[in-house]
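Subject: Structure handover

Hello,

Please find the structure below. My notes on it follow.

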Amino acid sequence: MSKVMDAKVLAVYPVAPETYYMELAAPDIARLAVPGQFVHVRCSDAQEPLLRRPLSIHMVSRPQGVLALLFRVVGKGTALLAQRQPGDSVNLMGPLGRGFTLPLPGSKVAVAAGGIGAAPLVFLVQELANLKCQVTVYVGARDKKNLLCDGQFAQLDAEVVIATDDGSLGFKGTVPELMRRHLDWRRTAMCYVCGPRAMMQEVSAMLSEADVPGEVSLEEKMGCGVGACLSCAVQIQHHGEISTKRVCADGPVFPSWQVVWE
Amino acid sequence: MSKVMDAKVLAVYPVAPETYYMELAAPDIARLAVPGQFVHVRCSDAQEPLLRRPLSIHMVSRPQGVLALLFRVVGKGTALLAQRQPGDSVNLMGPLGRGFTLPLPGSKVAVAAGGIGAAPLVFLVQELANLKCQVTVYVGARDKKNLLCDGQFAQLDAEVVIATDDGSLGFKGTVPELMRRHLDWRRTAMCYVCGPRAMMQEVSAMLSEADVPGEVSLEEKMGCGVGACLSCAVQIQHHGEISTKRVCADGPVFPSWQVVWE
Amino acid sequence: MKPNLEVNIGGILMKNPVTTSSGTFGFGQEYSPYVDINKLGAIVVKGTTLEPRPGNATPRMVETPAGILNSIGLQNPGVDYLIDHYAQYFAGLKTRVIVNIAGNTVDDYARLAAKLDGVPGVAGLEVNISCPNVKKGGMAFGSDPAAAAEVTKAVKNATGLPVIVKLSPNVTDITVIARAVADAGADALSLINTLLGMAIDVRRRKPMLGNIMGGLSGPAVKPVAVRAVWQVYQTVKLPIIGMGGIVTAQDALEFILAGASAVAVGTANFINATATLEVLAGIEQYLIEEQITDINELVGAAHR
Amino acid sequence: MKPNLEVNIGGILMKNPVTTSSGTFGFGQEYSPYVDINKLGAIVVKGTTLEPRPGNATPRMVETPAGILNSIGLQNPGVDYLIDHYAQYFAGLKTRVIVNIAGNTVDDYARLAAKLDGVPGVAGLEVNISCPNVKKGGMAFGSDPAAAAEVTKAVKNATGLPVIVKLSPNVTDITVIARAVADAGADALSLINTLLGMAIDVRRRKPMLGNIMGGLSGPAVKPVAVRAVWQVYQTVKLPIIGMGGIVTAQDALEFILAGASAVAVGTANFINATATLEVLAGIEQYLIEEQITDINELVGAAHR
Ligand SMILES: Cc1cc2nc3c(=O)[nH]c(=O)nc-3n(C[C@H](O)[C@H](O)[C@H](O)COP(=O)(O)OP(=O)(O)OC[C@H]3O[C@@H](n4cnc5c(N)ncnc54)[C@H](O)[C@@H]3O)c2cc1C
Ligand SMILES: Cc1cc2nc3c(=O)[nH]c(=O)nc-3n(C[C@H](O)[C@H](O)[C@H](O)COP(=O)(O)OP(=O)(O)OC[C@H]3O[C@@H](n4cnc5c(N)ncnc54)[C@H](O)[C@@H]3O)c2cc1C
Ligand SMILES: Cc1cc2nc3c(=O)[nH]c(=O)nc-3n(C[C@H](O)[C@H](O)[C@H](O)COP(=O)(O)O)c2cc1C
Ligand SMILES: Cc1cc2nc3c(=O)[nH]c(=O)nc-3n(C[C@H](O)[C@H](O)[C@H](O)COP(=O)(O)O)c2cc1C
Ligand code: FES
Ligand code: FES
């Protein structure tokens, strides 16, 4: 069950331009979380910014009761969060949302990470490794400097294939372009995607074409984070009927073929 | 001329319950200020609290370019200010307002300080000492623990007479009661008063009775601090006519007999 | 001694004056991992319409200084679904459940009221004639005294449940609407709904919200809400549920002193899931400190 | 290349779109130690009445979340004093000076306008029919379209100066008032004045302000103000001076994109004495970054 708690910052440091890694003591979350879930973070004790900020669960260490976040500073909230020091506490709600559906043990799966979208996928690949899946991770970024988590994926025994927009590392181009060339769809049981909306849309289209099931992790402006306010609406098509779902409570992970993209 | 500046905190520490002394590097203010003036302090870089807070100039050291404040934590703004650390900077506007009228050198003067009202009077007594005045300071507080600046006044060669509400030090009673018993009005050229409103009113009445000129330093909720918004209104009677004056720009120091108290 | 906290909102006995504001607390369930909702005086659930509604385009929420703009647009599963899927749950709660209703026509309101009449677990209706986020109905009813009275009458005629009418602050004189609604038979008033506002994305040069305009709530609106309660308390004798920017017990007490018999916590739930219970505890502590034995003595005390 | 910043507010040529809002900048002099006021497009001075006024009881100002409530009550030395003591100073400034006027009756407004007509240094009038802090006149004129039109006509007839009418957000539909005022001959509009609000001191159990209610301004009201500008821009063709919570250039750009040709900084001056110049610099930088050669191209761009 999700909880509200004050979690102590254990470590926080930059890992890429404007990108921070933060470790928090949050045993309850570490114990309960599944990959794809998120925490709703109060970035300031004052009323500015007013709302919490959703951040994916990047990794957990259950034995140590540690929760790790990976976030990009894009505005007020994330900037304030990045200023926290070890020993400070951060108010969290979580774990929240519906995570990824795990495949059958030993399956061959593809994972597509675009930019900061890599954040929740490390926890996922950790679990996939536990399930002895054969994992290929397609990691994309603007350039080499902004590439995230490629090392972590490799350490988890995944095959890592890299794309950068400027070609400063790996394939020169986008993750969908790279996947189109590299991926053997016939042997792929499942594909997990997190990244910019356009990238998720493109990969989803490819998956539908190839008839491979996939899951995407969506973002929407959030209020409550618990399903009460209906801010985080997304259109989901199921058996031909479109209904409005909540990213926070019905997602953030949705079947790739069900998302109404525009 | 008054300025806006970022001043570095040089020192900050508690001197009595909920009462802080703060030293700032503010050479322009140290150079320009006269006793009774104040600075308008931004207590937070965020919008909470929104407005600046007026604080009296407690002391200055011109050679060292240092400004000292003495303030009581009563709400959000002062609480945030008390949290500043040496090296932090504080945004100030000042010096602002009209200060005390200094007496002829060598005069015998009385000074009445109630509670945190002592803050601006140290700077005043410093100047009075420079003018070789014969100064008696009546210092009052709730109790011994809350007594402020008595030592500083003594070091400036003033005669210090103490009153506490509970009698834990000096006279048991209020400053006005003490003054009524102790003060020899005939030989007093001028009396300066700063403290709670009721105390200033009572001393003013005594001064009028005794026909001794006095000055009081008033407080009112402030917006701009520079005379533009007309928040800080006070009724001043002059030659039988009542007019509305601004504490920030026409005061905070006003002739005791001109203030319309209720 | 424990002070009395019970208040009577037009026939709804609340064991304490703290409730939730419609649309900010779902159906209660969403917050039950965090708050024992049975400890609240009541909960007010999401705005319910006759038919299910999908709501407005996203983004539906944007932050503003000390506030938020929302343009949810009354997304809800419809009254029949509510009755079928939630009534039983409501009936099992140890708090009062107030259903917020909204329609496009006077008849919609009457039909909603009739459908909810006698549904187990429903303690009263809050009639939303003040939603700024829907094209038809909503605020239009709340800004015209005749229309507001008509809706009120129609609802009163269709149900035996206590009827609370929720007013909009987006009017020239809220007391005129309050009086019209009181004369039409309302049992209580809720105020305020959100203020009509908007925000613009300076980089995209487009409105931030999918629906362009939205409703402003949160601490920013508190002074407007307290003023509305103050004015309405002077005008009509009905009990008032005060809301708009309540975060702390101090905020809630401002509303009570201005004339509210109960208070609803809205936006603050998003930031602090236990805000309602903290507000309640703070009110109780204040009563004890100030040696007031009955919360009702405090209602409107700033007028005296 | 330096973009064009000049705007024309109903006949008042401002060299740039940044001005100050009435009552927050005194007569300009108070802020001249901090700001070179000649760099501003215009300054709008304190509300001026026929007779001198002492204003309301204190406290006159209280902070609220991201805002302030004020109840100054139009304290001012009267129009004759203004003409005798300030006109010469105004005439020496290298910025436009707009005088904000307020009266109890339509005739008061006409007489004020007549007295100020032709006074050297006065570039235009801002007609305040929206002050929430005075018993007579003020907001009453601003919330009734017929009265608003009448005041506008009377002022137009009494002066050859450009007439800007300042509207209140405390109305059901601001576009109705805007249209009435436009039809009556206003040259431009200012919006918004403050929102009617109040705050209560929980310990004393009394209103915080001496005058009970006050006007809410500051960042808290920005969404309401941007919305008002957006709505009015869609309704009438007059140039708009936008204000309400502007602290940064981003804020000002929201107003411009919503339809304001100029922007006024009010409450923010109290916190940051150089806010006006920072807003101006930020607007200019945005134009350069976005390669816009003329500020007027940006006005209302979020509608397109
Ligand atoms: C389920 C979920 C998981 C997320 N996980 C991560 C993560 O692991 N790491 C990470 O860096 N970011 C993550 N995000 C995005 C993150 O929530 C936003 O970047 C953050 O809220 C921005 O806050 P801010 O105050 O810094 O920026 P703001 O000042 O609020 O906004 C800056 C920019 O961020 C955008 N933004 C603001 N809030 C959101 C939001 N809720 N969703 C999407 N965009 C937003 C704004 O439109 C604006 O462009 C996640 C979002 C969701 C919904
Ligand atoms: C000219 C002048 C000089 C001052 N000098 C000093 C000083 O040297 N040391 C010192 O400790 N205090 C001084 N004060 C008072 C000081 O300004 C207030 O205590 C401070 O503004 C409170 O801010 P806050 O945010 O902590 O409290 P808030 O949360 O704003 O309020 C807490 C309490 O303080 C009162 N208060 C708030 N603002 C003012 C104000 N402007 N004037 C009076 N009361 C206020 C409130 O009514 C409330 O009771 C001075 C005030 C003035 C007008
Ligand atoms: C996300 C959201 C949804 C809302 N939905 C409704 C609604 O369905 N019906 C209603 O009457 N009010 C609705 N409101 C208004 C609130 O009930 C309340 O009147 C307003 O938010 C002011 O209170 P607050 O500042 O505490 O949030 C909604 C407010 C928010 C923020
Ligand atoms: C202290 C104060 C005094 C004001 N006096 C006047 C006035 O005399 N005439 C007027 O039209 N508006 C007056 N206003 C309203 C402002 O001009 C402006 O419309 C409002 O404050 C919104 O802008 P802001 O949020 O930037 O302050 C006053 C506002 C404040 C805060
Ligand atoms: S954020 Fe409130 S329902 Fe999703
Ligand atoms: S604080 Fe603005 S005039 Fe004194």
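Two strands are said to pair if DSSP finds at least two bridges between them. Helices (H or I, at least four residues) and strands (E, at least two) are DSSP runs, numbered from the N terminus. This is a predicted model, in which local features need pLDDT of at least 70 and side-chain atom pairs count only at pLDDT 80 or more, while totals for chains, interfaces and linings use all residues. Residues are numbered from 1 along each chain as its sequence is written, chains are lettered from A and ligands numbered from 1 in the order in which they are written, and side-chain values use heavy atoms, with hydrogens and water left out.

Chain B, antiparallel sheet

Strand E2 (residues 19-25) and strand E6 (residues 66-72) of chain B run antiparallel and are joined by 7 bridges. Thr19(B) has Arg72(B) in E6(B) as its bridge partner. Helix H3(B) packs on the sheet and touches E4, E5 and E6 of chain B, at about 50° to the direction of E5(B). Axes here are lines fitted to C-alpha atoms, for helices over the stretch in contact, and angles run from 0 to 180 degrees between N-to-C directions. Contact means heavy atoms within 4.5 Å. The sheet is open, with 7 strands in the order E4-E3-E7-E1-E2-E6-E5 and antiparallel pairing. E4 (53-56) and E5 (59-61) of chain B each have a single partner strand, so one side of each has no neighbour in the sheet.

Chain B, mixed sheet

Another open sheet of 7 strands in chain B has the order E11-E10-E9-E8-E12-E13-E16, with mixed pairing. Its edges are E11 (171-172) and E16 (253-255) of chain B, each with a single partner strand. E10(B) (residues 159-164) pairs with E11(B) in the parallel sense over 2 bridges, and Thr164(B) has Lys172(B) as its bridge partner. H3(B) (residues 119-130) lies across E8, E9 and E12 of chain B, at about 165° to E8(B).

Chain D

Helices H7 (residues 249-258) and H9 (residues 275-289) of chain D pack at an angle of about 65°, with their axes 8 Å apart. That makes H7(D) roughly perpendicular to H9(D) (65 to 115 degrees).

Val44(D) lies in strand E4 (residues 42-48) of chain D. With 2% relative accessibility, Val44(D) is buried (under 20% relative accessible area, 1.4 Å probe, protein chains only). Beyond its neighbours within four places in sequence, Val44(D) contacts residues including Thr19(D), Ile98(D) and Glu126(D).

Regards

Notes. Parallel < 35°, antiparallel > 145°, perpendicular 65-115°, else oblique. Buried < 20%, exposed > 50% of the residue type's maximum accessible area, 1.4 Å probe, protein only.
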